[in-house]
Amino acid sequence: AVIKRRLQLAMPTVSVFLDVDNLQDISKLEEYIEASALILIFVSKGYFASTNCLREARHASEKSKPLVLIHEMDETKGGV
């Protein structure tokens with residue numbers, strides 16, 4: 001993903017986790033959330049209809065993780 005590459009270039013010492021690249025076992029989603037310093041959520045058309053996306057948001061909130069929401073507006077990329 002473009003944003004992952006840009007974050008890695010801007011902050012080379014920071015580990016950037018992207019679910020579609022790095023999540024190997026969905027049952028460990030909460031563990032990944034707990035190991036993260038900040039949660040960046042791309043709010044797309046189907047985000048709130050996804051059980052796993054809601055798991056992610058709920059667990060991040062329960063663990064008081066800082067949340068950054070990005071609203072995807074481009075409909076060709078799943079935007080609302």
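**Legends to close-up views of a predicted model**

View 1. With a relative accessibility of 11%, K4 counts as buried (buried means under 20% relative accessible area, exposed over 50%, partly exposed in between; 1.4 Å probe, protein chains only). This is a predicted model, in which local features need pLDDT of at least 70 and side-chain atom pairs count only at pLDDT 80 or more, while totals for chains, interfaces and linings use all residues. Residues are numbered from 1 along each chain as its sequence is written, and side-chain values use heavy atoms, with hydrogens and water left out. K4 belongs to helix 1, residues 2-10 (helices are DSSP runs of H or I with at least four residues, strands are runs of E with at least two, and both are numbered from the N terminus). The K4 side chain makes a polar contact of 3.4 Å with the side chain of D21 (a pair of N or O atoms within 3.5 Å; within protein, one must be able to donate a hydrogen and the other to accept it, and residues adjacent in sequence count only if both atoms are side-chain atoms). Apart from neighbours within four places in sequence, K4 is in contact with V16, L18, D21 and N22 (contact means heavy atoms within 4.5 Å).

**View 2. H59 in helix 4.** Helix 4 covers residues 51-62 and includes H59. H59 counts as buried, at 11% relative accessibility. Its side chain and that of E34 form a polar contact of 2.8 Å. When neighbours within four places in sequence are left aside, H59 is in contact with E30, I33 and E34.

**View 3. K28 in a loop.** K28 is placed in the loop between helix 2 (19-22) and helix 3 (29-34). The relative accessible area of K28 is 36%, so this residue is partly exposed. From K28 to H71 the C-alpha to C-alpha distance is 26 Å, and the two are 43 residues apart in sequence.

**View 4. The protein chain as the setting for the close-ups.** Four helices and two strands make up the secondary structure of the protein chain, in the order α-α-α-β-α-β from the N terminus. The chain is as compact as a globular protein of 80 residues, because its radius of gyration of 13 Å is close to the 12 Å of the globule rule (taken over C-alpha atoms; the rule is 2.2 Å times the number of residues to the power 0.38). The C-alpha trace spans about 30 × 30 × 25 Å along its principal axes. Of the 80 residues in the protein chain, 20% are buried.
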